[in-house]
Amino acid sequence: MAASPELPAAATTRRKAGRHRGEGQWAVGHHTPLNGNEQFKKDDDGLNVRTRIETIYAKSGFDSIDPNDLRGRMRWWGLYTQRKPGIDGGKTAILEPEELDDKYFMLRVRIDGGRLTTEQLRVIGEISQEFARGTADITDRQNIQYHWIRIEDVPEIWRRLEAVGLSTTEACGDTPRVILGSPVAGIAENEILDGTPVIEEIQRRIIGNPEFSNLPRKFKSAVSGSPLLDVAHEINDISFVGVEHPEHGPGFDVWVGGGLSTNPKLGVRLGVWVSRDEAADVYEGVISIFRDYGYRRLRTRARLKFLVADWGPEKFRQVLEDEYLRRKLTDGPAPKQPDQRWRDHVGVHKQQDGRFYVGFAPRVGRVDGATLTKIAELAAEYGSGRLRTTAEQKMIVLDLDESQVDSMVSGLEALDLRVQPSPFRRGTMACTGIEFCKLAIVETKGRGASLIDELERRMPEFDEPVTININGCPNACARIQVADIGLKGQLVLDDDGNQVEGYQVHLGGALGLEAGFGRKVRGLKVTADELPDYVERVLRNFEAQRTDGERFAQWAARAEEGALK
């Protein structure tokens, strides 16, 4: 920038000296790495670390792993070091990474569209039992996560997964993560269109492709033709949402720039309608914009949502059309509001072909390898061999004849997998928490499970849909800002002045129906021990004060602060 003639030379020098070197956007010529993450990605593509894992680290052990591979590139293959046991939440932000690292890994298996076969689920369960001490959590990104994985076992785990068509490729890292999909794609009676071919084409073009393996940060995506809006489309970097165009028929409405964490933003519509055949081109264009124009200087601003917020949807669409697609897109309608409060497909439902699918709820996504193996056996016995995971930490068995439904339900219930769960089991999600996560401050999975049990005991007649999302830190992996009751883990003071585990509370967030972020009541923090009392109190206030048909989120937005404490 030229110096202003009104400024003295000394002032101009000071301005230049204090100016940073852009935002690290490749498209405007800023290719010099501006932080350590950008440097190690420039030094070597994360996809290349697999060879070192197989030929060096798996043979020489944990201590042989290069630090930039250990805490960087290994994520490109779904591997994170897990938290060393016994380190309390107060140390999370104080200790160095090597002090937090255990010599075991979390390994994430990506399940694009939530699609599984019984053979695949059986292998997942067997790996869990043999290599992961039985762990196998279902995530709200439709993945399966193992813990306690040794580096020595990773090549064999990959061999077994890939033999049945599964992968950990780019399950983590600054990459295109798993593609969420409607778990009832191609089978639901009310489906607008089946997004499965879109997911498959994106996988073919993008996943594992070095052209897209160095993004500014992670890139989350979703594709659903369901009118239930069942993939949390508002909080992904890109989402394709099924709509009916008055002239062109079924297709997708495109959303960009959603994301949560410490700076939550809802995605925005580009105002375009794209056919199923066009969708992969649009995906490739949007991820290319992120790669080329995304902010790489600060990790805290390296998500697509910041670029979309700065540009606005009109400019974003123009750049997509003019620079990447080289053609104009068709204007299109917004999706209709869903007519159901639950979007998780739990219960018994009829399919297009007259058969049935059964959705069931574990506790906060926590299962184990032995249970997954038994689910696979049930699905093989009564279904066609197809299953799905959901974006709500649930699972579905497809293709049941009517005569087989009761047997399937009984088999699942015997495993404590509820087909008709209470609102508390159905609506409670939790992230990994301090048990394994190095970023966490508090416990989550066990806390969520005990909260479900306590609320079921105290409020057995409560039957309103309500979501309770529990997160171990501010990063919102469990979507705390868009839950009816969102609980963000932090250390708080109890009545005796002691620092204990607790939560900041968000109330009245929502997706799908009047999407928005929850309300924070000034000074409202709850200790972990007080949590059941607090949630019961708020829900009883809701029951007493709600109007006919009023949802919890609507009530929480208008309620007096006293009713929320």
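This is a predicted model: local features need pLDDT of at least 70, side-chain atom pairs count only at pLDDT 80 or more; totals for chains, interfaces and linings use all residues.
**Exercise 1.** Find which partner D174 has in a salt bridge, and where the two residues lie.

*Solution.* Start with the atoms: D174 forms a salt bridge with K41, and their closest N and O atoms are 2.7 Å apart. Next, place the residues: D174 is in the loop between α7 (154–163) and β6 (176–181), while K41 is in helix α2. The pair therefore links distant parts of the chain, 133 residues apart.

**Exercise 2.** Decide whether R296 and E38 are buried or exposed.

*Solution.* First, look at the contact: R296 and E38 form a salt bridge, with the closest N and O atoms 2.9 Å apart. R296 sits in the loop between α9 (279–293) and α10 (304–311), and E38 in helix α2 (residues 36–43), 258 residues apart. Now take the cut-off: buried means under 20% relative accessible area. R296 has 2%, so it is buried. E38 has 6%, so E38 is buried too.

**Exercise 3.** Classify R355 and D353, whose side chains meet in a salt bridge (3.1 Å, N to O).

*Solution.* R355, at 28% relative accessible area, is partly exposed. D353, at 46%, is partly exposed as well.

**Exercise 4.** Locate D529 and say which residues gather with it in a patch of negative charge.

*Solution.* Begin with its place: D529 is in the loop between β20 (519–527) and α16 (531–545). Its relative accessible area is 71%, so D529 is exposed. Finally, D495, D496 and E530 gather with D529 in the surface patch.

Conventions:
Residues are numbered from 1 along each chain as its sequence is written. Side-chain values use heavy atoms; hydrogens and water are left out. Patches are made of residues with over 30% relative accessible area and no salt bridge: like charges are joined within 9 Å, nonpolar side chains (Val, Leu, Ile, Met, Phe, Trp, Tyr) within 5 Å. Accessible areas come from the Shrake-Rupley method with a 1.4 Å probe; for residues, only the protein chains shown count as cover. A salt bridge is a side-chain nitrogen of Lys or Arg within 4 Å of a carboxyl oxygen of Asp or Glu. Lys and Arg count as positive and Asp and Glu as negative; His and the chain ends are not counted. The place of a charge is taken as NZ of Lys, CZ of Arg, CG of Asp or CD of Glu. Helices (H or I, at least four residues) and strands (E, at least two) are DSSP runs, numbered from the N terminus. Buried means under 20% relative accessible area, exposed over 50%, partly exposed in between (1.4 Å probe, protein chains only).
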